[in-house]
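Colleague: Before I use the labels on this one, I want to see what stands behind them. Can we go through them together?

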Amino acid sequence: MPESYPREIIEDLVDDNLEWSELHNMMSDFKDADRFKKVRDVLQDRVDWDDPIVIPYADHLYVVAKSEDRWVIKCDCGHEFCEHDENWKHDALINVRDTEQEYLEIYPEDMHPHPDYMELREYFCPGCKTLLEVTNVMPGYPIIHEFEPDIETFYGDWIDEPIPTPDTQSA
Amino acid sequence: MASSEDNPSEHHNAETLSIDAGGTLTDTFLMDSNGEFTVGKAKTTPDDESRGFIKSSRDALDSWDLDVDDAFPNLVSTVYSGTAMLNRLVERESEVDVGVLTTGGMEDTLRMGRGRQSYTGFSYSDRLHVNTHKHPEPLIPRNRIRGVRERIDVKGNELIPLEEYEDDIREGVNDLLDQGVDEIAVMFLHSYQEDRHEQRTKEVAEEVIEERDADTTVMLSSEYYPTLKELPRLNTLVAEAFAAEPSRQQLTRVQESVDDHGGEVGVRVMASHGGTIDIYANELARTLISGPIGGMIGANYFGKELGYENLVCTDIGGTSFDMGIIIDNDWKIDYSPEMARLLLSLPMVNMDSVGSGTGSYVRVNPTFDKIELGPESAGDQVGVCATETDVETVTVTDCHVALGWIDPENFLGGDMPISREVAEEAIKEQVADKLDMGVYEAAEGVIKILENKLQNDLEAVVTGEGYAPSNFKCLSYGGGGPVHTAGYTENLGFDEVLIPEWAAGFSAFGCGAADYEYRYDQTTSIDIDAGLSMEEAAKTAGEELTQVWKNLEGKVEDEFAKSDIGLDEVEFQYNILGQYQGQLNSIDIRSPVDRVDTPEKLEELIDTFEEGYRRQYSEEARSPELGHTITQASVRGVRDVVKPEIPTEGLQGSEPPEDAYKESREAYWDGVWIETDVYDLHALNPGNELSGPAVLEGEATTYIVPPDYETSLDEHRVHHLTREE
């Protein structure tokens, strides 16, 4: 087990370009000590803005630092949604499929849920219009808040590193 | 190369030859009529394995000053095993192209597999975590699998007649022939109950093949593996075509090279059901597995000869710890073993295996600051102490070397250069410093962790099956076994702990002891309803089972006929899997009778089942009022072979002879260095007794007797290890 993988491997990991055997070995082994930092660096290099990534939040979404104690959820296109502990879906563009016809646009016949029981909610980024998330829930179900990161605990107790700030990033 | 003694002038009469052609090296193990052995190695030659085999045999015979032409004419037993077959499965690469015809709608059987196939063969943690599960690559690509519309139900009734759809067969075969396949495997649902659709398909396919003048053969699942469950059945049939058949040619060449050098013995191959079979046998795929079961066969022979009925067999090699149970001088059979991440439908001697051996890597888990072992290992590369290899991670053997248990000068008879300094340095850097411990403390910790783990695994295998260790003798073998025996048997309460002096060669010894055995199994669903009188039952169920046994008997006879072995030499055994009606699991019963078409005989079989059920579960669990079902019938045909002799010598005094004492050196036991006597394992005399701490060094193994333990050598050169009270 390497204590640290070369950057190319981590880039392939982020891009899902690893052979299964390589990926399997990585998953089975002890976790490399600097994995989080390396993944974050790869992601940071790929976005066009300068706010430091604090954690990756979901596909295309990150929690970034605006100041020492203010973090927001931001899309890789640059659109900023909300504070890190709020539900970004409230600020997203939402398409709801709750009729037979709308289901048939994306499902084969008789292969989709019944619209009276289940609706599909598609969340898009208002900035780049990328489909960010899909949920399949009963009509009337509240918008699900997936994840409320505890940044202080993660940095302070888990990885024992200072939380990135706009100042440390530019330094 | 290593041999069990060093005096080449003594005359040796090589009787037993076992060959193991691995991926890189071909190992040869020769045993003479006195039970002395010699081992040889040569590079495996995949294009013609017989060349590597002859070279390896020469290497082995060299230390006896013999050549193959002198030795081969005296051979009485030659058993070959190779990994080429298994490699084809593991690599999913074969010289032959195989096509499949299957029941229409079932074409994706291989691709979908079963849930279990997504984690079989993985380490414990990888089996536990869903993110590491992945379905293995199917053996046959989808474009070489064609469906045929037909259907037989679970009782053998025809639901969709094949005759309406014979064009499907023609189309499918034509398509497969266009793709140039060498073999066509046919697997229809429930063909183990009723095979006429498969048989008819073979006729039609062969017509097409003949019309096109192609050189393709057709194999039927009902002829090879007529057992329940279509995935393992198809996997096994395809493995037969894909991996086993290509090896037949290699085996023929090995036989020819034995003949060329004056050998008059038929080469046999170790098969998963615990016997050896001819290289021309029908079902060659059972020889895919060979390694660890050799030890079980050896143990059973050993037990029969010396009067030990119940044995727990333990084998530590470089990569794994294998455990098996023998009760009443018979092993248990696993009917659906896995290989190369595929579930197969073969009878295999049941063994449990964990990935811990003497070559297991030792690492400190950075998250928990805890020592962890394996699952990867350096295997035969030993460890960092073996300076000629490129192993970089500390192994268990490195710890033994550091603690002074293993003599660096005497590893594998001195054939492998070992450096104690390198081992200590690596342990310090990779383990001890990280945990803030001393080198020796850390090394001893590693051994304790391993032995505790082995002890837990062993306990789980014995008590998990409902047995008490006190009813068993624990037999320890394998190159790494005797180093750890005291550690992993401690506190388990075995009746006795036995270590044969030839522990390192025990698996090969077992291969040599394997009888000729053919075994055929057939899934059945024969009900014996509770309300029936014995007369009625014998006329219905009894007749039916008798007929199945007769058919299987015929198959076994045909196989023996290929080796010119007559029926008078063959001992037949009859088995069933039986259950109470409506149960899910069956138990394996060896029938006391060979026919059950009379009320008396059927009653005997049922009584045996009741007794077996009582023993495995309890008297209270018996439920004969439900009636019985026979879910499988099996026939085993066994013919004796000349077996390697178990030495018998006269007992001498308890004091070891002077020349058995080699030296004394410091070794680390429970945190202190103690001056420890070192003996030559092979120079001790029967009757000798030794108290620990002592190290007994053999050519290919080291036997450790820790403080507070005693060992005594019996007249068969078997050590009995006991703990001082």
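Modeller: Start with Ala92(A). Leaving aside neighbours within four places in sequence, Ala92(A) is in contact with Tyr123(A), Phe124(A), Cys125(A), Pro126(A) and Leu132(A). In contact means that the C-beta atoms, placed from the backbone, lie within 7 Å. This is a predicted model: local features need pLDDT of at least 70, side-chain atom pairs count only at pLDDT 80 or more, and totals for chains, interfaces and linings use all residues. Residues are numbered from 1 along each chain as its sequence is written, while chains are lettered from A and ligands numbered from 1 in the order in which they are written.

Colleague: How far apart are Ala92(A) and Cys125(A), in sequence and in space?

Modeller: They are 33 residues apart in sequence. C-alpha to C-alpha, the separation is 5.6 Å.

Colleague: What makes Ala92(A) count as buried?

Modeller: A residue is buried if 20 or more other C-beta atoms, placed from the backbone, lie within 10 Å of its own, exposed if 12 or fewer, and partly exposed in between. Ala92(A) has 22 C-beta neighbours inside 10 Å, so it counts as buried. Ala92(A) sits in the loop between strand 4 and strand 5 (93-97) of chain A. Strands are DSSP runs of E, at least two residues; helices are runs of H or I, at least four; both are numbered from the N terminus.

Colleague: Is Asp65(B) buried or exposed, and why?

Modeller: Asp65(B) has 12 other C-beta atoms within 10 Å, so it is exposed. Asp65(B) lies in the loop between helix 1 (49-62) and helix 2 (68-71) of chain B. Its phi is positive, about 55 degrees, although Asp65(B) is not a glycine.

Colleague: And why is Ala340(B) called buried?

Modeller: Because Ala340(B) has 21 other C-beta atoms within 10 Å. Ala340(B) also has a positive phi, about 50 degrees, without being a glycine. Most residues other than glycine have a negative phi.

Colleague: How do you know that strand 1 and strand 2 of chain A pair?

Modeller: Pairing takes at least two bridges found by DSSP. Strand 1 and strand 2 (residues 61-65) of chain A have four bridges, in the antiparallel sense. Ile53(A) has Val64(A) in strand 2 as its bridge partner.

Colleague: Which strands are the edges of the open sheet in chain A?

Modeller: The sheet has four strands in the order 1-2-3-4, with antiparallel pairing. Strand 1 (53-58) and strand 4 (80-83) are the edges, as each pairs on one side only.

Definitions and conventions. Contact = placed C-beta atoms within 7 Å.
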